[in-house]
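User: Hi! I've got a protein model open and would like to talk through some of its local details. Can you help me out?
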Amino acid sequence: MSPRQTSSRTTSPASLQASGLHYERDDRVVLEDVSLILAPGDRLGVVGPNGVGKTTLLKILAGMERPDRGKVVLAPPTASTGYLAQDRERPPGEPVSSYLRRVCGLDRAERSFESAAARLASGDMGQEAQDGYSAALERLALLEPEGFDERAAEALAELGGGPGVMKAEVARLSGGELARVHLVGMTMSRYDIALLDEPTNDLDFIGLERLEQMVRGAAGGVVVVSHDREFLARTVTSVLEIDLHTRRAARFDGGWDAYLHERALASRHRAEAFDKYHQERSELADRAQREREWATTGARREKKGRDNDKVQRGFRLDRTEQLAARARRTERALARLEEVEKPWEDWELHYVLRQAPRAGDVVAELRGAVASRGDFVLGPVDLVLAWGTRTAVTGRNGAGKTTLVEVLLGRCGLEAGSRRLGPSVVVGELAQDRVGLVAGPDGGRTDPARALLASFLEVTGLDVADARSLLAKFGLLAEHVGRPMRTLSPGERTRAQLACYQAVGVNFLVLDEPTNHLDLPAIEQLESALAAYEGALLVVTHDRRLLANLAVTQKVEMEGGQARVVPV
């Protein structure tokens, strides 16, 4: 079955309700009193800064983590939930065919059916056993195990997969190839409720279109964590925002654009309410102080007995008492004033690219360049990247985008043609896999088993105090810097690499899917930094909003190893 087709079998209408979810990790509150309702057909986007608990929420909804308080209820209880992880595993030696059966839940469905059938065969004919058998049979039939591999191979071929992809080892797939496999897995799984964590990562434009079709056409509910603004705008019907400070969640109905509008409106109202409260409180406090001082001054004067005129003395005493009464009324009004908390000022990246001195007019150049990797051949490619050029590399997964980058940077040998980097070029690369910190144009990586701080010191040459200070500006604090790089989240590893390029000057920036794993505020800060960057920029991305905001000067369209340069 192709991703565009719909099976004659469909998922059952199912709903999910989470109530009062509270989750702690290492004595730290991750989620606080989070509740949500997911009705059939709902498409809920979950957003919030990196580390706020979005993935944890998905795992709780999927039954993979247990909350400390609260509960998740499925209706009907037999409804199936599927979870797509952000960090896609690469089990060594496992072929795509068996990997897909596992991702789709077919292996689990077959085991459940065999277990339910064995229970009936043992003589247990109770209602629970019969209901379990019926549910297991229905789930297995929905997945259509007969002809599964053929349908999967056809779907992968439509997305650009080669004829032998079903036998290929998952561990040897590129990021784009693995993204295609997961997209097919999502399409064929037919879960009643789908829980997707960053599903757009590494997908090309065709894959993104298919994913959007799948999400919009889902009969059951979908909960998706994503940083892709265009994808969210095209798919979600409501947004759940988790607050970094309170760890609570607020729901905004009406889709992505409505969320942006309501969020901005709510933020403005909170700021206005606090300003009004602060001004009113200050005015009442100042008035109370003045009235109390006047009353106190009047009382002192009467004690001195300025004259013996009883009428005047009585008038002054009465006025002093009135001032004291007014002061008490003002103080009571101040006490009754309902407190409005100051809005939290969210952490921002404030990212600035440190730029090395200008290189020559030509930063990088390929002339008739030909390179190969296995059966794949790139080229011949002619490409000139001049100073100030902002180049976007686009194309389907497997078209040769990453190979082109590696040829440009000298990590992939040429079989024909020539390659040249300018003599004063300082390369800064954000690699797609984010494994270790990239230490130079040769692509050398720091050991992912080393602590973040040690790796950062090695790459940047900063002293410990300056390194800690800079990492903190990127949200990487004491709890992060002592941990091995491989234990950090993909978003944290991305921010660590970006911090390197604030410490070390570059004039040729190469970004491979830079917005993968970054939260929305960090993406906006990255866009701002790139807007002010004057060196040469080469970006491989399928983030449509990023491309629209980058002011690209030329595009390199890749197809079948061939590169077509298109001025913009």
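This is a predicted model: local features need pLDDT of at least 70, side-chain atom pairs count only at pLDDT 80 or more; totals for chains, interfaces and linings use all residues.

User: What is the phi of D26 near?

Analyst: Phi of D26 is near 55°, which is a positive value in a residue other than glycine. Another residue with positive phi is D202, near 75°, and that one isn't glycine either.

User: Where is D202, then? And is it buried or exposed?

Analyst: D202 is in the loop between β6 (193–197) and α7 (205–216). D202 has 14% relative accessibility, so this aspartate counts as buried, whereas D26 is exposed at 73%.

User: Let me zoom out for a second. How many helices and strands are there in the protein?

Analyst: The secondary structure comes to 17 helices and 18 strands. Of the 568 residues in the protein, 48% are buried. Looking at contacts with a separation of 6 or more, 73% are between residues 24 or more positions apart.

User: Now helix packing. At what angle do α2 and α5 pack?

Analyst: Helix α2 (residues 96–103) and helix α5 (residues 148–158) pack at an angle of about 100°, and their axes are 11 Å apart. That angle falls between 65 and 115 degrees, so the two helices are roughly perpendicular to each other.

User: Which residues make that contact?

Analyst: On the α2 side they are V96, S97, L100 and R101, and on the α5 side F148, D149, A152 and L156. By class, the contact has 5 nonpolar, 1 polar and 2 charged residues.

User: Switching topic to cysteines: what does the disulfide count come to?

Analyst: The count comes to 0 disulfides. As for individual cysteines, C104 is at 0% relative accessibility and so counts as buried. C412 counts as buried too, at 7%.

User: Nice. And T541, where is that found?

Analyst: T541 is in the loop between β16 (536–540) and α17 (544–549). Its relative accessible area is 0%, so T541 is buried.

User: What does the side chain of T541 reach?

Analyst: The T541 side chain reaches the backbone nitrogen of D543, at 2.9 Å. If you set aside neighbours within four places in sequence, T541 is in contact with F205, V393, T394, E513, P514, L546 and L547.

User: Last one: A233. Where is it found, and what is its relative accessible area?

Analyst: A233 is found in helix α8 (residues 229–235). With a relative accessible area of 31%, A233 is partly exposed.

User: And which residues is A233 in contact with, apart from its neighbours within four places in sequence?

Analyst: Those are W256 and R545.

Notes. Residues are numbered from 1 along each chain as its sequence is written. Side-chain values use heavy atoms; hydrogens and water are left out. Helices (H or I, at least four residues) and strands (E, at least two) are DSSP runs, numbered from the N terminus. Buried means under 20% relative accessible area, exposed over 50%, partly exposed in between (1.4 Å probe, protein chains only). A polar contact is a pair of N or O atoms within 3.5 Å; within protein, one must be able to donate a hydrogen and the other to accept it, and residues adjacent in sequence count only if both atoms are side-chain atoms. Contact means heavy atoms within 4.5 Å. Axes are lines fitted to C-alpha atoms, for helices over the stretch in contact, and angles run from 0 to 180 degrees between N-to-C directions. Angles under 35 degrees count as roughly parallel, over 145 as roughly antiparallel, 65 to 115 as roughly perpendicular and the rest as oblique. Ala, Val, Leu, Ile, Met, Phe, Trp, Tyr, Cys and Pro count as nonpolar, Asp, Glu, Lys and Arg as charged, and the others, Gly among them, as polar. A disulfide is a pair of cysteine sulfur atoms within 2.5 Å.
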